[in-house]
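Please keep the sequence and the three-dimensional view at hand while reading.

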Amino acid sequence: MFAFVVRRVTQAIVVMLVISLIGFAIKHQIGDPVRDIVGVSVSVAEREALRDQLGLNDPFVMQYARFVKDALHGDLGHSFFFKKPALDVITAKAPATLELVFVSSLIIILVSIPIGIYAAINPKSLFSRLTMGVSIVGVSIPVFLTAIILIYIFAVELHWLPSYGRGQTVNIYGWESGFFTLDGLKHLILPSIALSSIMLPLFIRLIRSEMMEVLETEYVKFAWAKGLSRYRIWFLHGFKNTLLPVITVGGVQLGILIAFTILTETVFQWQGMGFMFLEAVERSDTALLVAYLIVVGALFVVVNTIVDIIYGLVNPTVRITGRK
Amino acid sequence: MKKKWRRFKNSYFLYSFKRDWVAVASFIIFTMLVLLSLSSPLLAPYDPYDTSSIDVMDAEIPPSWMEGGEERFLFGTDIQGRDLLSTMFYGMRLSVFIGCGAVLLQAFIGILIGMISGYLGGKIDAFLMRIADVQLSFSTMMVAIIISAIFQVAFGVGRYEELAAPLLIVIIGLAEWPQYARTVRASVLREKSKEYVEAARVIGLSPRRIRWRHILPNTLSPVLVISTIQVANAVMSEAALSFLGLGMPITKPSLGSLINAGFEYIFSGSWWITLFPGILLVVFVLVVNLLGDWLRDVMNPKLYKG
């Protein structure tokens with residue numbers, strides 16, 4: 001087990017190094033830190049002096065080493081637009097995104113598990129067939145379209161819910177939270193439904209197919225033969241054993257939700273990392289763009305590594321062969 | 001030719017197709033949509049790229065059956081006064097074109113890498129598949145968004161918009177190749193140990209010939225199956241990128257950029273600019289997905305678990 005963890009962590013570090021190399025290459029090729037600092041009215045000689053002083057004329061490898069060292073100290077460069085360290089800008093925006101992802105995952109879990117189980121137990125019932133049909137339609141609707149339709153119905157036509165922004169937030173130890181005010185919660189409803197809609201069909205199908213497979217196994221048949229109660233068989237013998245693949249796929253999919261926050265946040269003008277990222281692209285704010293790349297990259301790598309290690313813990317065959 | 005046709009007529013493939021009304025309906029709709037989009041210059045009542053025929057005074061006219069609608073614009077007009085129906089046809093042509101181009105590119109990269117990886121094995125295989133794994137774990141959406149963001153910053157907005165269509169093909173192609181590489185590698189590994197490959201080697205054929213003429217054709221049926229679904233994915237990715245403003249510009253709108261443009265006007269009640277392109281996009285992606293599902297069931301029942 002120890003060797004497996006070491007191998008996974010080493011791999012995660014290598015991936016992070018590659019991401020940082022990509023990030024640095026972008027910065028090196030596209031961004032111009034001198035422009036970020038001085039603007040246009042400074043002479044060429046002064047610029048050159050500044051370049052030397054900042055170490056921009058050093059070899060690529062040296063600059064990269066310095067970049068990694070700074071990154072490890074939590075310095076990901078300076079945002080050209082916000083005139084603040086890029087990491088500060090991101091950490092200020094992160095709570096919004098994380099809360100959105102959290103509520104969406106909650107919706108996904110609470111909705112997909114009961115429906116998935118029901119559809120697996122009664123595969124022929126009308127409701128199950130209906131959900132399967134709806135889920136393939138759901139997969140085909142892009143998340144931004146769902147979001148727009150929700151806005152049109154609930155915000156523009158019915159005026160029930162707000163259509164953009166986070167509403168009133170409460171600051172708890174530097175974490176801007178929308179959980180503790182009615183207004184903030186109201187603002188959360190539409191974006192989190194829109195975001196969860198992208199994963200919901202996938203999860204329902206996954207839980208259904210895994211559970212149907214488990215219900216076909218010998219030990220479940222044996223349990224029926226023993227005359228156990230049906231609820232015991234479904235939930236204790238059946239569902240418990242479907243959880244394993246669901247958790248592994250689910251863990252990775254929840255990481256992927258971060259990618260879709262960019263789309264959701266754009267529609268709802270949600271002041272999170274994804275919205276900030278697009279603004280950074282529009283403003284050509286290279287430092288912020290690179291910082292986002294590295295922070296989100298780290299987030300993905302950490303989530304995937306943890307999921308892999310949990311999977312290794314519960315399923316020994318993975319850690320022995322070392323590959324999926 | 002005639003013989004082939006008869007063989008096709010009696011095949012299980014056609015038989016199962018005719019029995020599945022969902023597949024037949026999707027196929028009909030799919031063909032209609034593709035034909036409509038390909039022949040849009042002939043069929044569309046107006047040319048949305050022709051700036052001389054566009055009048056801003058016509059902007060935001062509702063569909064013809066609504067109050068204030070005009071007969072000449074069946075589905076109304078968009079914010080620039082273009083006929084929405086024509087713009088949708090042209091937009092769909094762009095979406096289909098970009099989607100298919102991107103799938104061709106990713107199939108090319110993916111098959112090449114999958115073949116190398118599966119046939120050579122060893123360290124090269126481990127290395128290439130690690131890259132594919134890592135890239136997949138970031139989700140293709142994220143990779144596509146980040147590559148296009150980098151391209152946009154690197155090229156500048158103006159130049160990016162000029163080159164948007166080919167760039168989008170490259171972006172989506174680069175973002176989604178691992179799917180192909182994995183599929184091809186898996187079936188190459190399966191085929192490699194079969195007897196016909198052994199036989200080919202024994203009679204002294206060159207490795208290259210074995211690889212491209214013997215193994216590759218036998219790996220193509222899973223490739224065909226994922227290709228359909230990949231087209232749907234590519235069209236979705238293109239729409240998402242365009243919606244984010246990282247894709248087709250509004251002067252040459254794809255379905256995604258039309259939805260984006262319409263979204264800003266939804267609060268003033270002009271829902272049709274968003275809704276109609278949206279429905280067209282969803283229908284197209286849906287029928288491609290349904291066809292893909294059906295194809296997967298027919299070609300490879302074992303592969304059912306996605």
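## A helix pair in chain A

In this predicted model, helix α7 of chain A, residues 143-157, and helix α10 of chain A, residues 230-268, have axes that come within 9 Å of each other and cross at roughly 30°. Because angles under 35 degrees count as roughly parallel, α7(A) is described as roughly parallel to α10(A). The crossing of these two helices is right-handed.

Which residues of α7(A) and α10(A) meet? On the side of α7(A) they are Val143(A), Phe144(A), Ala147(A) and Ile148(A). Their partners in α10(A) are Phe260(A), Leu263(A), Thr264(A), Val267(A) and Phe268(A). Sorted by class, the residues of this contact are eight nonpolar and one polar, with no charged residue.

## Chain A as a whole

Chain A consists of 324 residues, of which 37% count as buried. Its secondary structure contains 13 helices and two strands. Taken along the principal axes, the C-alpha atoms of the chain fill a box of roughly 85 × 60 × 35 Å.

Contacts can also be sorted by how far apart the two partners are in sequence. Among contacts in chain A with a separation of 6 or more, 70% are between residues 24 or more positions apart.

Phe300(A) is located in helix α12 of chain A, residues 286-314. This residue counts as buried because it has 24 C-beta neighbours inside 10 Å, and 20 or more are needed for that class. With neighbours within four places in sequence left aside, Phe300(A) is in contact with Gly255(A) and also with two residues of chain B, Ser137(B) and Phe138(B). By way of contrast in position, Leu126(A) is 174 residues away from Phe300(A) along the chain, and the C-alpha atoms of the two are separated by 39 Å.

Gln269(A) is placed in the loop between α10 and α11 of chain A, where α11 covers residues 273-282. Its phi is near 50°, a positive value in a residue other than glycine. Is Gln269(A) buried, exposed or partly exposed? It counts as partly exposed, with 13 C-beta neighbours inside 10 Å.

## Chain B as a whole

Chain B has 306 residues, and 44% of them count as buried. Its secondary structure comes to 13 helices and zero strands. Of the contacts in chain B with a separation of 6 or more, 69% join residues 24 or more positions apart.

## Helix α5 of chain B

Helix α3 of chain B, residues 21-38, and α5(B) have axes that come within 8 Å and cross at roughly 105°. The angle makes α3(B) roughly perpendicular to α5(B). From α3(B), the contact is made by Leu33(B), Val34(B), Leu36(B), Ser37(B) and Leu38(B). From α5(B), the residues are Phe89(B), Met92(B), Arg93(B) and Val96(B). Seven of the residues in this contact are nonpolar, one is polar and one is charged.

Ala107(B) is also found in helix α5 of chain B, which covers residues 84-120. Why does Ala107(B) count as buried? The reason is that 22 other C-beta atoms are within 10 Å, whereas the cut-off is 20 or more. Residues up to four places away in sequence not being counted, Ala107(B) touches Tyr180(B), Val223(B) and Ser227(B). Ala107(B) and Tyr180(B) are 73 residues apart along the chain, yet their C-alpha atoms are separated by 6.0 Å.

## Where the two chains meet

How many residues of chain B are in contact with chain A? There are 32, and they are in contact with 31 residues of chain A. On the side of chain B, the elements that give two or more residues are α6 (122-137), α7 (140-155), α11 (207-243), α12 (255-263) and α13 (272-299). Of these, α7(B) gives the most, with nine residues. By class, this side of chain B has 25 nonpolar, six polar and one charged residues.

## Confidence in the prediction

The predictor gives the complex an ipTM of 0.80 and a pTM of 0.83. The average pLDDT of chain B is 82, and 90% of its residues score at least 70. Where pLDDT is low, the predicted coordinates should not be read in detail.

Terms used: Residues numbered from 1 in each chain as written. Chains lettered and ligands numbered in written order. Predicted model: local features only at pLDDT ≥ 70, side-chain atom pairs only at ≥ 80, totals over all residues. Contact = placed C-beta atoms within 7 Å. Helix = DSSP H or I, 4+ residues; strand = E, 2+ residues; numbered from the N terminus. Nonpolar A, V, L, I, M, F, W, Y, C, P; charged D, E, K, R; others polar. Axes fitted to C-alpha atoms, helices over the stretch in contact; angles between N-to-C directions. Parallel < 35°, antiparallel > 145°, perpendicular 65-115°, else oblique. Left-handed = near helix turned anticlockwise from the far one by under 90°. Buried ≥ 20, exposed ≤ 12 C-beta atoms within 10 Å, placed from the backbone. pLDDT = per-residue confidence, 0-100.
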